[in-house]
Number of protein chains: 2
Amino acid sequence: MSGKNITAKQPAGKSSPFLSELTLDCVILGFHEDQLKVLLLRWRGTQEWSLPGGPIRKEESVDQAACRILKERTGLKDIFLQQFQLFGDVERYNRNEIKEKLKHLVEPEKWFERAVSVGYYALVDYPKVAPTPDAFTEECQWWGIDEIPSLLFDHNHLIKIALESLRIQLSWQPIGYKLLPEQFTLPELQRLYETILGRTLDPRNFQRKMLGLGILYRLETRRKGGAHKAPYLYRFNKQHYKAMLTKGSLFFS
Amino acid sequence: MSGKNITAKQPAGKSSPFLSELTLDCVILGFHEDQLKVLLLRWRGTQEWSLPGGPIRKEESVDQAACRILKERTGLKDIFLQQFQLFGDVERYNRNEIKEKLKHLVEPEKWFERAVSVGYYALVDYPKVAPTPDAFTEECQWWGIDEIPSLLFDHNHLIKIALESLRIQLSWQPIGYKLLPEQFTLPELQRLYETILGRTLDPRNFQRKMLGLGILYRLETRRKGGAHKAPYLYRFNKQHYKAMLTKGSLFFS
DNA sequence: GCAAAAGTGTTCGTGCTACACCCATGG
DNA sequence: CCATGGGTGTAGCACGAACACTTTTGC
């Protein structure tokens, strides 16, 4: 999280175990009740929310830092995590405003110096997440993508860019592995695509296309217990899925 | 350039005008004699080459730093510049090797601490470039993309990733504006695409496709002086080109 | 039996691919 | 006049888009 690099009570002069100029922010996306959700944190003693994130340790890689933060906030590891942009403006947000809102949490002279932040997004299986706040926050909660309040720092902007990157990725790579449970139905996958793309898709065309990619197994079993016709369950073919990730399927002309 | 953030003779303890943990590297691409070229620098007193780059000033944005470096090395401004990745590994390259190779240029205790680097690529009009070395280097020169020697730092890897990003960009956005002169012929544009994609394209299909995008004007004049049939000159329609850049033209299904 | 969701095939049009010949120019 | 590169049209095919009815299930 932008600025969280210096811990609240760190003695001046002692060298920090963290990089001081670069922080990391995570847009953690889940899918629930036909809606994309983002994991947000509420800062102690405030009604202010922000993305999970934080500083990077000097002895860990940036990717490792992203994994660590994801693990701390959700309990999950081994998840699809994608770096999408470095946010390097000098004035990414109004620092005085942040200083005012969070002054009870951090020593003002240490905080809120310029920090560049790298954005990652993660796609996770919603019910597997155990949302966990960090040292600066007292609540960690899912928010529907269309109900996000005004966030601290430049985090509304960051989410917007993350979603654009996700849509681009969707346009030439498969998505869904790790975002859906291991077994899922085609209508569920379709609703995921519809949610990310923001428009409806034709179920016949969607099925033909998806099955044609050769990255799905149809299982013997169907999902019982719904109030309607029992849909088939599917599972990703991990090998083919990964191959498709690296090679993509859209090319010039 | 990774590590160049601390100037050679900077007195210890004096605060630097640069960010110390984040540097920037530029893959500057030109197109000449049907070949993609990269601008490289040779370090003083060595036969070692690297990409242009350097530290980021505390009061400039990362994008501005990229523009500044591009300007310093080429004389050009207002150029297509694209951030493509942050390289954040702890050991991006063998630091001892670099220390040995460049020890005569920088104080070893200051140098070669961990630095994260953000990569940009730029597409420039080859003949407009005036290659200019920086303080650490004595030569600045174009290299054919297939003739690049083993470079300092992790710069061979950086170039590889830059080219992959460029190919992806090419697959859903137009390219060529700022990489070609203002007026150009369709065969020139085609050779550019072929070079980036690494395969040949059919001229009839290429023309139909390009003209169909509506981003080209055909001019009245033809290019005279070639040894053969005079080709038509074209020019990009800047408005349509930019619209195409933002909206792209490949989508899901 | 009825409401709600799942499953399935065909037609049409667009756009990509493949392919070959004539034209203009300079040497 | 010849070698070289530029310019152009067509036919086949594959893929995406549009579209409606039947089946299953729980209530």
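## A first look at two chains and their interface

F153(B) is buried, with a relative accessible area of 8%; buried here stands for under 20% relative accessible area, exposed for over 50% and partly exposed for values in between (1.4 Å probe, protein chains only). This is a predicted model, where local features need pLDDT of at least 70, side-chain atom pairs count only at pLDDT 80 or more, and totals for chains, interfaces and linings use all residues. Residues are numbered from 1 along each chain as its sequence is written, chains are lettered from A in the order in which they are written, and side-chain values use heavy atoms, with hydrogens and water left out.

Most residues other than glycine have a negative phi. F153(B), though not a glycine, has a positive phi of about 55 degrees.

| Residue | Phi | Relative accessibility | Loop |
|---|---|---|---|
| F153(B) | about 55 degrees | 8% | between strand 7 (137–144) and helix 3 (155–170) of chain B |

Helices (H or I, at least four residues) and strands (E, at least two) are DSSP runs, numbered from the N terminus.

Now to the place where the chains meet. Here, 35 residues of chain A are in contact (heavy atoms within 4.5 Å) with 35 residues of chain B. The buried area between chain A and chain B is about 2700 Å², and carbon and sulfur atoms give 66% of that; this is the accessible area (1.4 Å probe) that two parts lose on being put together, summed over both. There are 13 residue pairs in polar contact between chain A and chain B, both residues at pLDDT 80 or more. A polar contact is a pair of N or O atoms within 3.5 Å; within protein, one must be able to donate a hydrogen and the other to accept it, and residues adjacent in sequence count only if both atoms are side-chain atoms. Among the elements that give two or more residues to the side of chain A that touches chain B are strand 4 (53–57) and helix 5 (203–213) of chain A. Strand 1 of chain A gives the most, with four residues.

Finally, visit helix 2 (residues 95–102) of chain A, whose buried residues are R95(A), I98(A) and L102(A). These residues sit on the same side of helix 2 of chain A because they cover an arc of only 60 degrees around the axis, taken from the directions from the helix axis to the C-beta atoms. Strand 2 (35–43) of chain A is included in what covers them.
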